Protein chains: 2
Amino acid sequence: MNNWRDNIRQVVPYTPGEQPKKAGMIKLNTNENPYPPSPAVQQMLRGMSADILRLYPDPTAGMLVNALADHYHVDPDQVFVGVGSDDVLAMAFMTFFNSEKPIFFPDITYSFYPVWADVFRIPYETKPLDENFRIQAQDYHGENGGVIFPNPNAPTSIMEPLGFVRDIVEHNRDVVVIVDEAYIDFGGTSALELTKEYDNLLVVQTYSKSRSMAGLRIGYAIGHPDLIKALNDVKYSFNSYTMNPFSIVLGAETLKDENYFKDCMEKIIHTREWTAKELTRLGFTFPDPMANFIFATHPKYPAKELFQSLREQNIYVRYFSLPRIDNYLRITIGTDEQMRTLIDFLEKYVHYQA
Amino acid sequence: MNNWRDNIRQVVPYTPGEQPKKAGMIKLNTNENPYPPSPAVQQMLRGMSADILRLYPDPTAGMLVNALADHYHVDPDQVFVGVGSDDVLAMAFMTFFNSEKPIFFPDITYSFYPVWADVFRIPYETKPLDENFRIQAQDYHGENGGVIFPNPNAPTSIMEPLGFVRDIVEHNRDVVVIVDEAYIDFGGTSALELTKEYDNLLVVQTYSKSRSMAGLRIGYAIGHPDLIKALNDVKYSFNSYTMNPFSIVLGAETLKDENYFKDCMEKIIHTREWTAKELTRLGFTFPDPMANFIFATHPKYPAKELFQSLREQNIYVRYFSLPRIDNYLRITIGTDEQMRTLIDFLEKYVHYQA
């Protein structure tokens with residue numbers, strides 16, 4: 001009796017960053033944007049009626065897909081949308097990684113990749129970053145079932161140039177190469193233009209970081225229409241209606257306010273530069289940051305202890321208890337004031353411990 | 001070159017009902033509720049700020065889970081939520097149907113079941129409904145990898161009694177039995193109370209029909225905490241954050257307005273009875289309807305032609321070009337006025353053709 005438990009899919013689920021909602025907390029642990037969505041979003045929301053919820057939404061999320069296509073100067077049949085880039089990436093793993101050969105991704109990277117591989121029973125091999133946490137393009141030249149890497153990489157914040165992406169795609173024309181550009185808007189150069197040349201390249205982006213809408217859950221992929229059709233076929237085999245009208249309407253609306261967006265990006269890049277300078281002054285080292293976070297270590301103070309001490313001050317950063325990176329903190333770039341508070345605390349910490 | 005296409009997951013996607021948005025159309029094709037969500041939902045929406053979208057939502061959707069647990073008098077660890085019951089069912093297929101043995105479901109039923117089985121490569125066997133479109137409990141007594149059926153069944157609208165559900169669960173203690181109760185609130189008796197007795201029974205319901213919120217995308221499953229934990233583990237291996245704050249907050253809010261809900265259900269049941277009487281008068285026959293739709297056929301007029309003629313009048317019903325049911329129409333129960341318009345047209349149609 002009760003053997004039903006034997007047939008449960010055994011998984012080791014992804015552990016998302018904590019989402020505490022504490023008064024006065026400084027939340028620098030899940031790479032959210034410190035600035036609210038564009039005021040245009042609030043205004044559009046004011047005009048929305050709950051009555052539209054009675055009907056199923058547009059299963060194609062056409063308004064959002066068209067807005068993204070316009071924004072990135074591609075055709076609507078080159079755009080796929082999902083419930084955050086995690087949904088888009090999960091669908092892409094299911095859709096494209098069906099070879100017997102292992103897929104390749106870096107050993108230090110977004111920790112959801114091995115989780116998706118496991119849940120979908122996809123063989124995989126991780127390729128170690130070098131001693132400077134750089135991805136080595138030639139590691140991805142061998143025979144494989146597909147390639148995925150983030151650019152900039154997480155949690156390192158390191159951006160590789162377009163030639164690097166091209167090299168990996170060139171050497172992998174027989175499989176799908178996914179470039180996960182969750183953090184591209186913080187100063188990076190997108191591989192989007194390469195999708196015109198390479199029909200096996202899928203570029204994935206998200207509203208959760210640069211667009212200040214982690215809560216709304218919107219991610220998207222851009223690529224050759226054959227890639228997008230295959231993704232949509234699998235999506236329609238899973239859940240016909242994934243995007244609610246708030247996602248569709250507000251997601252389309254925010255793309256219209258490009259000035260607000262650019263202003264936010266400039267502020268965050270500026271704050272990142274200031275924070276980097278201050279961290280250096282305090283003795284921290286880190287790879288050149290090109291995302292909205294800095295991946296920092298200190299020669300004297302163990303990251304785990306720093307993490308705990310910051311927590312006690314109601315400052316949340318991310319700590320990974322993982323090989324090679326267990327002496328690093330991933331610190332999201334917040335407002336100037338938040339980063340000032342962080343640096344002030346670290347300054348006292350360094351003095352007190354010295 | 002370009003062999004990447006060989007590794008694409010091959011699927012035959014589910015075809016959702018049309019979602020045209022035409023002025024003046026009478027939309028009786030996808031079983032939506034003709035009445036808007038509770039006014040409490042609109043009021044709550046008015047108070048919501050776009051600023052909360054900056055942060056990731058609660059990955060556990062705790063507010064919604066707790067509200068559902070309160071509402072159904074179960075513990076929060078007995079409740080799983082997803083992006084519509086399609087998301088919940090997709091997760092349940094992935095999580096529980098991992099045997100080498102085929103899962104069982106009716107031959108005439110929700111047409112998404114074989115699609116999920118295909119996409120997740122789950123073997124399945126369909127069990128034919130009898131000549132009155134009834135599910136035969138004994139068909140589900142044999143060895144299998146799991147059982148799923150809707151109650152009331154779709155598109156037949158036939159409700160089986162609790163003893164029927166109990167019989168199937170009793171004969172399948174070694175596998176998970178899923179009862180898909182999308183249409184339970186229109187006069188049926190839920191199998192929820194059986195989840196206290198049987199740890200292998202999962203009951204799935206949705207906000208899309210009775211709760212007037214097809215657009216918001218909320219489905220939920222209730223069962224033993226071990227079932228719910230297994231579902232959550234797979235969910236967290238797929239997408240950590242599936243429910244946006246609108247789903248969480250408005251989904252919880254609407255459960256508070258039980259009077260409005262009951263009033264809607266009574267109106268729809270009343271309209272269903274009137275429509276059934278009128279259809280009978282016009283010579284249609286159909287199984288006793290217990291969902292918010294009627295599955296009707298006429299001895300003289302082919303369903304496909306009726307479907308086309310109704311469409312030309314801007315009245316949309318659902319027609320399935322499938323064996324055994326290709327002479328039936330699935331007609332959603334709308335408002336009294338909408339059903340009056342439908343019946344008036346059918347009356348003229350019958351006269352004109354006679």
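This report walks through selected features of a predicted model, from an annotated lysine to some backbone details.

## The annotated lysine

Lys209(A) sits in the loop that runs between strand 7 (201-206) and strand 8 (219-222) of chain A. Is this lysine buried or exposed? With a relative accessible area of 7%, Lys209(A) is buried, because the cut-off for that label is under 20%.

Which residues does Lys209(A) touch, once neighbours within four places in sequence are left aside? From chain A, the contacts are Thr30(A), Asn31(A), Asn33(A), Ala182(A), Tyr183(A), Phe186(A) and Asn292(A). Chain B contributes Tyr56(B) to the contacts of Lys209(A).

Chain A has an open sheet of 3 strands, in the order 9-12-11 and with antiparallel pairing. Strand 9 (293-296) and strand 11 (318-319) each have a single partner strand, so they stand at the edges, and one side of each is left without a neighbour in the sheet. Helix 8 (residues 258-281) of chain A packs on this sheet and touches strand 9 and strand 12. The direction of helix 8 makes about 15 degrees with that of strand 9 of chain A.

Strand 11 pairs with strand 12 (residues 329-332) of chain A over 2 bridges, in the antiparallel sense. Within this part of the sheet, Tyr319(A) stands opposite Leu329(A), a residue of strand 12.

Helix 6 (residues 225-235) of chain A has Leu227(A), Ile228(A), Ala230(A), Leu231(A), Asp233(A), Val234(A) and Lys235(A) buried. What covers them? The cover includes strand 2 (79-82), helix 3 (84-96), strand 7 and strand 8 of chain A. Helix 4 (112-119) of chain B is also part of the cover.

In chain B, strand 2 (residues 79-82) points Val79(B) and Val81(B) one way, and Phe80(B) and Gly82(B) the other way, with all of them buried. This strand pairs with strand 8 (residues 219-222) of chain B in the antiparallel sense over 4 bridges. One of the residues involved is Gly82(B), whose bridge partner in strand 8 is Gly219(B).

## The largest pocket

Which element gives the largest share of the lining? That is helix 4 of chain A, with 4 residues. Helix 3, strand 3 (103-106), strand 4 (124-127) and strand 11 of chain A are also among the elements that each supply at least two residues.

## Backbone details

Most residues other than glycine have a negative phi, and most peptide bonds are trans. In chain A, the peptide bond from Ala154(A) to Pro155(A) is cis, with omega near 5 degrees. Pro155(A) belongs to the loop between strand 5 (147-150) and helix 5 (162-170) of chain A. In chain B, Ala154(B) and Pro155(B) are joined by a cis peptide bond, with omega about 5 degrees.

His73(A) has a positive phi, near 55 degrees, and lies in the loop between helix 2 (62-72) and strand 2 of chain A. His73(A) is exposed, with a relative accessible area of 69%. For Arg324(A), phi is also positive, near 75 degrees. Arg324(A) is placed in the loop between strand 11 and strand 12 of chain A, and is partly exposed at 39% relative accessible area.

Key
Residues numbered from 1 in each chain as written. Chains lettered and ligands numbered in written order. Predicted model: local features only at pLDDT ≥ 70, side-chain atom pairs only at ≥ 80, totals over all residues. Heavy atoms only, no water. Pairing = 2+ DSSP bridges. Contact = heavy atoms within 4.5 Å. Axes fitted to C-alpha atoms, helices over the stretch in contact; angles between N-to-C directions. Buried < 20%, exposed > 50% of the residue type's maximum accessible area, 1.4 Å probe, protein only.
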